[in-house]
Amino acid sequence: MPVGLRIDVDTYRGTREGVPRLLDLLAAAQVKATFFFCVGPDNMGRHLWRLVKPRFLWKMLRSKAASLYGWDILLAGTAWPGRPIGRDLGALMRRAQEAGHEVGLHAWDHHAWQAHAGDWSRARLAAEYRRGLNALSDILGRRVDCSAVAGWRADERVVEVEQDFALRYHSDCRGQSLFRPLLESGQPGTPQIPVTLPTFDEVVGPQCAAPDFNDLILSQIRPEPAPGLPSALQVYTIHAEVEGILMAPAFAELLRRAQERSITFAPLGALLPADLATLPTGRLTRGSIAGREGWLGVQA
């Protein structure tokens, strides 16, 4: 099975600068991926209030966030209104689609979903989700059929809300294998494709230095299924704000080294079996992982 390559695009700058660079790098390597776009206002700077939390402050310090992301990202939507990503930069989303990449929804407002999804009512969750889907569908000129919620902030309530939109798959959690989450009715829901490999911001600092990150990722890509798992699912997430800008040369090197090792990348949708009924069922619930502050969806 190829490694699923997922690209999260969280911000205005990540869309404007990171996406074109990544499209060029992927074209040169002849790799297709899945882009998950945010389409509403860029309010990511509003996460700065979380600096009062020691774990988040430490993460910002160890990842050297100011130099990695840039102050325009870290302050977006604070001193001025968040810029509308989809309205201004929709052409880049269409460009990704026209280049043959899979395109899905990340969020309407990344900050709002990540900060409040755990407390919103189901009606509010559905309204935010619908707003993002409709906006991205209008931009692309087609119905969007896949999504990955911001910050992996998904639980049983989110799974129930998403079911009403009848998408092809979601990538809302961290886990080990493809599965269909069980609904309140006891029936299996829309397939989930969990992320299995760590992201740059989760491991740089506590586990490795930035120059050693590629070594760590390549060492974790396994050729065979782990014991007890039905498949060798491997999904790797990069961010347009990181691997598409400051760390772009390192990502280009990762693509080159992967090719030398006969590691192939593919859009997430290509990892699904032809018969979805063959997927095992499971549960998506709240949990935590090392290197990431707060709760997130995990495959139970």
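# A friendly tour of a predicted structure

At 12% relative accessibility, cysteine 208 is classed as buried, because buried means under 20%. Keep in mind as you look around that this model is predicted.

**Cysteines**

- Cysteine 38 is buried as well, with a relative accessible area of 1%.
- A disulfide is a covalent bond between the sulfur atoms of two cysteines.
- How many disulfides does a search of the whole structure find? The search finds zero.

**Aromatic pairs**

- The structure holds four aromatic pairs, and two of them are described here.
- Phenylalanine 35 and phenylalanine 37 make a stacked pair, with 5.8 Å from centre to centre and 10° between the planes.
- Both phenylalanine 35 and phenylalanine 37 are buried.
- Tryptophan 113 and tryptophan 120 make an edge-to-face pair, with 6.0 Å from centre to centre and 80° between the planes.
- Tryptophan 113 is buried at 6% relative accessibility, and tryptophan 120 is buried at 10%.

**Strands S10 and S11**

- Strand S10 covers residues 284–287 and pairs with S11 in the antiparallel sense, over four bridges.
- Which residue of S11 is the bridge partner of threonine 285? The partner is valine 298.
- In a regular strand the side chains alternate between the two faces of the sheet.
- Strand S11, residues 296–299, has Leu296 and Val298 on one side, with Gly297 and Gln299 on the other.
- Those four residues of S11 are all buried, and both faces of the strand are covered.

**Two residues with positive phi**

- Glutamine 30 has a phi near 55°, a positive value in a residue other than glycine.
- You can find glutamine 30 in the loop between helix H1 (12–29) and strand S2 (34–38).
- Is glutamine 30 buried or exposed? Glutamine 30 counts as exposed because its relative accessibility is 73%, and the cut-off for exposed is over 50%.
- Tryptophan 152 also has a positive phi, of about 55°, although it is not a glycine.
- Tryptophan 152 sits in the loop between strand S4 (146–147) and helix H8 (156–163).
- At 2% relative accessibility, tryptophan 152 is buried, whereas glutamine 30 is exposed.

**The largest pocket**

- Rolling a probe the size of a water molecule over the atoms shows where empty space is left.
- The largest pocket has a volume of about 250 Å³.
- Of the 17 residues lining the largest pocket, Arg174, Gly175, Val195, Thr196 and Leu197 are the closest to its centre.
- What classes of residue make up the lining of this pocket? Nine are nonpolar, five are polar and three are charged.

**Cavities**

- There are three cavities of 30 Å³ or more in the structure.
- The second largest cavity has a volume of about 90 Å³.
- This second largest cavity is lined by 13 residues, and the closest to its centre are His106, Ala107, Trp108, Trp113 and Glu128.
- Trp113, one of those residues, is also the partner of tryptophan 120 in the edge-to-face pair.
- Strand S3 (102–107) and helix H7 (122–140) each supply at least two residues of the lining of the second largest cavity.
- Which strand gives the largest share of that lining? The answer is S3, with three residues.
- By class, the lining of the second largest cavity has nine nonpolar, two polar and two charged residues.

Methods. Residues are numbered from 1 along each chain as its sequence is written. This is a predicted model: local features need pLDDT of at least 70, side-chain atom pairs count only at pLDDT 80 or more; totals for chains, interfaces and linings use all residues. Side-chain values use heavy atoms; hydrogens and water are left out. Buried means under 20% relative accessible area, exposed over 50%, partly exposed in between (1.4 Å probe, protein chains only). Two strands pair if DSSP finds at least two bridges between them. On a 1 Å grid over the protein atoms alone, a cavity is a set of points where a 1.4 Å probe fits but cannot get out, and a pocket is an open set with protein on both sides within 12 Å along at least five of seven lines; lining residues have an atom within 4 Å of a point. Grid points are joined across faces, edges and corners, and a volume is the space filled by probe spheres set on the points. Ala, Val, Leu, Ile, Met, Phe, Trp, Tyr, Cys and Pro count as nonpolar, Asp, Glu, Lys and Arg as charged, and the others, Gly among them, as polar. A disulfide is a pair of cysteine sulfur atoms within 2.5 Å. Rings of Phe, Tyr and Trp (its six-membered ring) pair if their centres lie within 6.5 Å; planes under 30 degrees apart count as stacked, over 60 as edge-to-face and the rest as tilted.
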